[in-house]
Amino acid sequence: MSVIQEVAPRERAGVRREALYFAVRNGKLMTGLGIVAALLLLGLLGPLFADVPPNEYGPRPMTPPGGEYWLGTTTFGQDIFAQFVHGLRATFAVGVVGGGIAAVIGMIVGFVAGYLGGIVDEVLTMLTNIILVIPTLAVLLIVNAYLGIRSVAVQGLFIGLTQWPWAARAIRAQTFSLRTREFVDLARMSGSGAGRIILREIAPNMSSYLFMTFILLFGGSVLIASSLDFIGLGPTEGVSLGLMLQNATQWSALQLGMWWWFVPPGAAITAVVGALYVANVGLDEVFNPKLRET
Amino acid sequence: MLRLQDVTKEFRVGALGGGRVTAVDRVSFDVAPGEVVSLIGESGSGKSTIGRMILGLHPMTDGSITFDGRPVRAAKDYYRHVQGIFQDPFSSFNPVFKADRVFAMIKESYHPGVPEEEWDERVRAALGDVRLNPDQVLGKYPHQLSGGQLQRLLIARALLLDIRLLVADEITSMLDASTRIDVLNLLAELKARGLGVLYITHDLSLGTYLAERTVVLRAGNVVEMGLTDRVFGDPLHPYTRELLSAVPRLHEEWADAAAVDTCLYHARGGSGGLLEADPGHFVACARLESC
Amino acid sequence: MSLQVSELRVHYRTLRGEVRALDGMSFDLGDGEILGLVGESGCGKSTLGKSLIRMDGRMRHVGGQVVLDGRELPIADDRRMTGFRFREISLIPQYAMSALNPTRKIRRMVTELLKSRGVTLDAAELGRRMDQVGLPREVLDRYPIELSGGMRQRMVMVVSTLLDPSVLIADEVTSALDVSTQKAVARALLGFRDGGYVKSMIFVTHDIALTRHIADTIMVMYAGKLAEKAPADVIVKAPRHPYTRLLIDSLPEVGVRHAERRLEGIAGSPPSLLDPPAGCRFRDRCPLAGDECAEEPPAAEIAPAHHVACWRA
């Protein structure tokens, strides 16, 4: 029995203050979030500076980057900077929609299964496992082939609906261990129902975990959306980083030496996803005292 | 007030829940207002399971638990009168919130209409009842308080309700020697005010300090129960004797347990009815005289 | 004299500064002696046990030295300590459950452990020692999960003393056990000393009543310092430090009833070791405290083998 807890661990400051203290001092977290924030800002503000519609054919095709066209133009004279900043918007949108939907479903399923247990848990776990083993990309291909994806929002929705199972499993496991803690019993004896206990007792204990889940789902959605766009199953309207890559390939940008067509979208996707994963590692270090660099 | 009648609990174990383990086997006893009853047993005796069944946190398999003649159910109006406190004070508080949130939860559920100032007065009065200085404990996080302070906070929380029965499950076993006796003294004061207490413990010395009556459990069965003085002054069951001899005493040498003939107990399959050896002293042993 | 600890200071690094968990501890442990180390949570008793075996990353050796059988222990140097651990000084941890690898049968685990120390297993000796603590030989062919808490604890005892260490540290080995198992484990510990498997032993616990049945000498710690050290009987029957007296008086015993004899705890709580106050650390809770207590009392030997750190003892 841990009567024997030494004084030291109890002396630490409030958990939240401590987390913030380590967060601002964590290089990985700050770098990762910084890159994401810079790209997000570019996606939000960029379209204000690029007054050309992104897909409009311009008068000077195949121009390398320069003063007039900052990132050059495509074979059809489209302004690549305009495409890039609009594409960034689409990429962030699909990340938020896809990651958000997956996180919400994952949390609901995970919390309910983990807290209620019993038959509810068995049914939900079975459902989770079924969706988990279905090859997501194949389903998305089929769905797309039959229904067609018209907009970024619909693409995000489909990604979200297929990405939640691993999040649900992780959250269920955490909930399972938390619900046996005595403060949950105490809440029950204070007249709280299941929903209130999940929302107000269990979830706050996992806030860092839930945040990390969302970050990972966000990165995953961006990556899947880009892959879908690249193989030609992206939204038929608008523009995205994946679509830019697809067009660049389709019109032989590589062979023509038009590096400015495919490098910016490729680099941006890598940067967003990479920075999110780096930030996630940083977050891990912030919330897990054992990983903290002292 | 509280009455257990043939309470039984079986847990399903193994693949597909095929096997069954009996954790509590036909246990019957009662607790009256203003009375402390000790439920003593080692690990695996089923003592905590009984406590949790009384609190409606575990369903029971068979038998009945009634409070004022009505069956126990995990509902708001039941918890107004019956509350529990557990072993680990640090696990009883949600670590991400301030400790006094346990009071706010009571207010929200049971006294939503009470004005803030009046509620604050009541909280301070309850803290005074458990000998805590409100300024030292309010607004603090659980890890900033000691185990003894946290257990008192929980007792104060119960006092804010119309509490009549407290299930205290090993509430002092994680506290230091110099503070745990104060928590016990506090229970004694509450008992004098008419509170019934079921004191669950593995520690005989703590169990005998407060309790009028004692129930000794072994592997889910009651082996002996009755007035504390009788059960430990004149233990009849071999298991009670063995338990008593194993307790390290401060001022006495460790006596070897008198040679005991456990077969008497086993001969009855470890269960069966209790015999009334003398008035109010029950024992689960077939042949009292030869033990 | 097998172990001499002098002016040992060990601090814990925390966010808010250094916690002075051990703040100048000095004591001797004789050959064949069992020392019961008692105190409340946070008094530094577990820190002392750990310091003698392995410091964790947050611990820092600030001063003082430890001499074992005439050689100084390099307690701050984890690598050099490896040569001493298990051979010269050994530990039975509180949770034997986590000390045993769950995927290995006991026999294989013991063999591997000894191999890692360059020793081959003497099966006959192992068997003899298992008999000594009342463990059947079949235990070797089982997995840790198949043993009860008491059996696991005894198995770890046998394993950690196989190389006949000079000093054995038993850290709260009985606190998670049932009373009847507790007695068996305590007796087994005594048997180890009497059988010469270990020369001397430090029994760390919060249970004074139990310590008294095992230890020759009891050392009471308070807030990182020694309060009182004396033969076990003297501590129980005639303690001199006010803290020891109050502590002993607060212990309930079977048969003591609230209605007949109301016991009292000790009001207040120990000082924070982040920035401990000057002078006697028990001063704020002490009924006898006076002006001289503003100055720190040295641990004086007021009677043979009876050390007390109190001006008013």
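How many helices and how many strands are there in chain A? Chain A has 13 helices and zero strands. Helices here are DSSP runs of H or I with at least four residues, strands are runs of E with at least two, and both are numbered from the N terminus.

A word on the model and its labels. This is a predicted model, in which local features need pLDDT of at least 70, side-chain atom pairs count only at pLDDT 80 or more, and totals for chains, interfaces and linings use all residues. Residues are numbered from 1 along each chain as its sequence is written, while chains are lettered from A and ligands numbered from 1 in the order in which they are written.

Start with chain A as a whole. Its C-alpha atoms fill a box of roughly 75 × 45 × 30 Å along the principal axes. The chain has 294 residues, and 44% of them count as buried. A buried residue has 20 or more other C-beta atoms within 10 Å of its own, with C-beta atoms placed from the backbone. Now look at contacts, meaning pairs of residues whose C-beta atoms, placed from the backbone, lie within 7 Å. Take those in chain A between residues at least 6 apart in sequence: 72% join residues at least 24 apart.

Next, pick out one helix. Helix α11 of chain A covers residues 207–230, which is 24 residues. From first C-alpha to last, α11(A) reaches 35 Å, close to the 34 Å expected at 1.5 Å a residue. The expected span is 1.5 Å times one less than the number of residues. Just after α11(A), A:G232 takes a positive phi of about 85°.

Move to chain C for a pair of helices. Two packed helices are described by the angle between their axes and the distance between the axes. Helix α6 (residues 149–160) and helix α7 (residues 179–194) of chain C pack at about 10°, with axes 10 Å apart. The axes are lines fitted to C-alpha atoms over the stretch in contact, and angles run from 0 to 180 degrees between N-to-C directions. So α6(C) is roughly parallel to α7(C), a term for angles under 35 degrees. Residues of α6(C) in the contact include C:Q153 and C:M157. From α7(C), C:A184 and C:F192 are among them.

Finally, see where chains B and C meet. Chain B brings 29 residues to the contact and chain C brings 30. On the chain B side, α7 (177–192), α8 (204–210) and α10 (238–246) each supply at least two residues. Helix α7(B) gives the most, with seven.

How values were computed
Contact = placed C-beta atoms within 7 Å. Parallel < 35°, antiparallel > 145°, perpendicular 65-115°, else oblique. Buried ≥ 20, exposed ≤ 12 C-beta atoms within 10 Å, placed from the backbone.
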